[in-house]
Amino acid sequence: MAPERVRGILHGASLSPFVRKVRGALALKGVEYELVHVMPGAMEPAFLAKSPLSKIPVWEEPDGFTLPDSSVICDYLEQVVPDPPLYPADPRERAQALFWEEYADTRLVDTATPIFFQRVVRGRIFGQPVDESLVRRHAEDLLPPVLDQLEALFAPADVAAAPAVGLAGPPRPATSQLIRPGACDVPGSGGCGLPGGGAIRENPPARPDRPAP
Ligand SMILES: N[C@@H](CCC(=O)N[C@@H](CS)C(=O)NCC(=O)O)C(=O)O
């Protein structure tokens, strides 16, 4: 049974795309919460007791209710704070949105985050050596087909005619730019932006002719 007014603690670190996904959902729905910092690799037993898969994020409410997994947390938030909605109401559209959420959580995260982890987390935050061959493999071989697939499915057909849509902003940088020195130095990017990439300002419409997932 959901509490009348939802509020809670989000355990995790903002560096995690899964934590940021939940933070976006909480912000959209106007849910009050405190972020309690938990880093992968430094999880206390009290946190591990709340996270059976030993992963961040975990959501916790004042009555002791806890919930792991960003997708599960988003689904719960959707139920207890329906407005504004995260997902479409139409069953087919909702199912497709859930699929693309899963795609982002797996294929996109698996191909993109090693670049961020090496360049930003290891290189910048911890001052450790960067595995350049791994960065190159992801930036040149593994990530481009994923971005091409997403662009083919979701970028507006006529980019010039849709300037207000984020994905129609400046063309995405050649992936090789992601690995050039200083690629993480974009002003205002918080140190991890993509050079020249347009910010996503609203949900881009899917192409009407896109194939079902
Ligand atoms: N399916 C999970 C994935 C969460 C996840 O992989 N979190 C990473 C941080 S980005 C983590 O906690 N990794 C710790 C580990 O695997 O040991 C979700 O959506 O919350």
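The following legends describe close-up views of a predicted model.

Local features are reported at pLDDT of at least 70 and side-chain atom pairs at pLDDT 80 or more, while totals for chains, interfaces and linings use all residues. Residues are numbered from 1 along each chain as its sequence is written.

**View 1. Overall arrangement of the protein.** The protein contains five helices and four strands, taken as DSSP runs numbered from the N terminus (helices: H or I, at least four residues; strands: E, at least two). Along the sequence they follow the order β-α-β-α-β-β-α-α-α. Of the 213 residues, 15% count as buried, that is, with 20 or more other C-beta atoms, placed from the backbone, within 10 Å of their own.

**View 2. The surroundings of the ligand.** The ligand is surrounded by S16, F18, P40, S54, K55, I56, P57, D69, S70, S71 and D105; the C-beta atom of such a residue, placed from the backbone, lies within 6 Å of the molecule. This shell comprises four nonpolar, four polar and three charged residues. Asp, Glu, Lys and Arg count as charged, Ala, Val, Leu, Ile, Met, Phe, Trp, Tyr, Cys and Pro as nonpolar, and the others, Gly among them, as polar.

**View 3. The kink in helix α4.** Helix α4 spans residues 91–125. A kink of about 55° is centred on V109, the bend being the angle between axes fitted to the seven residues ending there and the seven starting there. After α4 comes G127, with a positive phi near 60°.

**View 4. The buried residues of α4.** A112, I115, Q118 and R119 are the buried residues of α4. These residues pack against α5 (132–154), where contact requires C-beta atoms, placed from the backbone, within 7 Å.

Notes:
Expected span 1.5 Å × (residues − 1). Buried ≥ 20, exposed ≤ 12 C-beta atoms within 10 Å, placed from the backbone. Contact = placed C-beta atoms within 7 Å.
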